[in-house]
Amino acid sequence: MNVEKISPEINKVYFIEKHTLIHILSGKGSIQVDFENYFDWQEKAIFLEKGQYIKFLSDDFTVRKIEFTDDSKFYNDDVRVLFKHLISLGYIDLMECEECQKFLSKSVITQDSSNIIDVSSKQWYWQNPFKANKEEYQIIFDTKEIIDQEYAHHLSSADLVNLINDRGYNAQTLIKDKIGLSVKHLLGAKRLKESKKEIVFTEKNIQEISYDLGFKDDAYFNRVFKNATGITPRQFRENFDFKQRDQFTQDILELLQKYHTQERSLDFYADKMNLSIKTLSKKVQLKMNTSLGQLIRLELINTAKLMLLEGQSIVAISAQLGFEEPNHFSSFFKHYSGSTPTEFKLVKYNS
């Protein structure tokens, strides 16, 4: 097991080469994993498997990264639930797992902490994100395993389900009922994600990629990709900015960090970036997979949380963040964080 504490570079792609636990110790902003942005990473232990990547869309993160060197453990049916992501990140809520927190404390992490996997898998089942029993979870993740192996072969949903020992369950119905998505959707999402990786992380031409993914011709692949993303594979490659890492993302994030307490107008940020609102909004969506409005709200919520933890009053925070009334701030905070300012402080102080 390898443990290191890092301050990751902004917007840099960090490839996951071993099964890895990411524990974000401090920082604000969003993270990106496999082309999806996540804003609610606080107080979570995030589990990533080989082949994934993570980006940090801010320059102030401090992260503990734990790589597990014994691969054999991760083929265990009960453990794979942490790493085989279905619709979101695999994570453990540390606020609800005191034993997990102990393992991740500085005093314990220097010892052999491989048992964190066992503790975390038990906690994952206790959290029960899809309200299923263990046998149902095995069916769901058996299907996920098959999808990960067969996504490039253009099997039908029925073909995939026929490859699974359903143990008396209807796998398609079970998956739709428990996670709200069809097998066909999961298969398409996997194929799209892997096509994105081929496009931005390899030098292959589009024709090669379409052939590798089982498409009969690149024109059809282009149509499928554009229907799913709104842009062509070539445009996606140009906009992801894997190697050059141009200044756009860093510039917009620095502007948000500097001005978000005073300015919420898209017009203001467009003027600062010397772009029209339409162009700025489009570039933010293409490069960061989110909207400018969401980024502004995220900065406000993160700043509010820090001020609450510093002991500032709701009235003072409301004024400093430009809200007309404290109750407007409280409503905004609850809508975008899931709890009232008072509830947030109580949870933090009691943890």
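Colleague: Is Lys-65 buried or exposed?

Modeller: Keep in mind that this is a predicted model. Lys-65 counts as buried, because its relative accessibility is 14% and the cut-off for buried is under 20%.

Colleague: What does the side chain of Lys-65 meet in a salt bridge?

Modeller: The side chain of Glu-4, at 4.0 Å, N to O. Lys-65 sits in strand 8 (residues 62-67) and Glu-4 in strand 1 (residues 2-6), so the pair ties together parts 61 residues apart in sequence.

Colleague: And Glu-4, what does it count as at 41% relative accessibility?

Modeller: Glu-4 counts as partly exposed.

Colleague: How many salt bridges does the structure hold?

Modeller: It holds 20. Among them, Lys-190 and Asp-148 meet through their side chains at 3.6 Å, N to O. That pair links distant parts of the chain, with Lys-190 in helix 7 (residues 183-201) and Asp-148 in helix 4 (residues 134-150), 42 residues apart.

Colleague: Are Lys-190 and Asp-148 buried or exposed?

Modeller: Lys-190 is buried, with a relative accessible area of 11%. Asp-148 is buried as well, at 14%.

Colleague: Which residue does Lys-204 meet in a salt bridge?

Modeller: Glu-198, at 2.7 Å, N to O. Lys-204 is partly exposed, with a relative accessible area of 27%.

Colleague: Changing topic. In what order do the strands of the open sheet run?

Modeller: The order is 2-7-4-5, four strands with antiparallel pairing. Strand 2 (14-15) and strand 5 (36-38) are at the edges. Each has a single partner strand, so one side of each lacks a neighbour in the sheet.

Colleague: How many bridges join strand 2 to strand 7?

Modeller: There are 2, and the two strands run antiparallel. Strand 7 covers residues 53-56.

Colleague: What stands opposite Tyr-14 in strand 7?

Modeller: Ile-54 does.

Colleague: Now helix 9. How many residues does it have, and how far does it reach?

Modeller: Helix 9 (residues 218-229) has 12 residues. From first C-alpha to last it reaches 16 Å, close to the 16 Å expected at 1.5 Å a residue.

Colleague: What reaches the backbone nitrogen of Ala-219 at the start of helix 9?

Modeller: A side-chain oxygen of Asp-217, which comes to within 3.0 Å of that nitrogen.

Colleague: And which residue follows helix 9?

Modeller: Gly-230 does. The phi of Gly-230 is positive, near 90°.

Conventions
Residues numbered from 1 in each chain as written. Predicted model: local features only at pLDDT ≥ 70, side-chain atom pairs only at ≥ 80, totals over all residues. Heavy atoms only, no water. Pairing = 2+ DSSP bridges. Buried < 20%, exposed > 50% of the residue type's maximum accessible area, 1.4 Å probe, protein only. Expected span 1.5 Å × (residues − 1). Polar contact = N/O pair within 3.5 Å; in protein donor to acceptor, adjacent residues only side chain to side chain.
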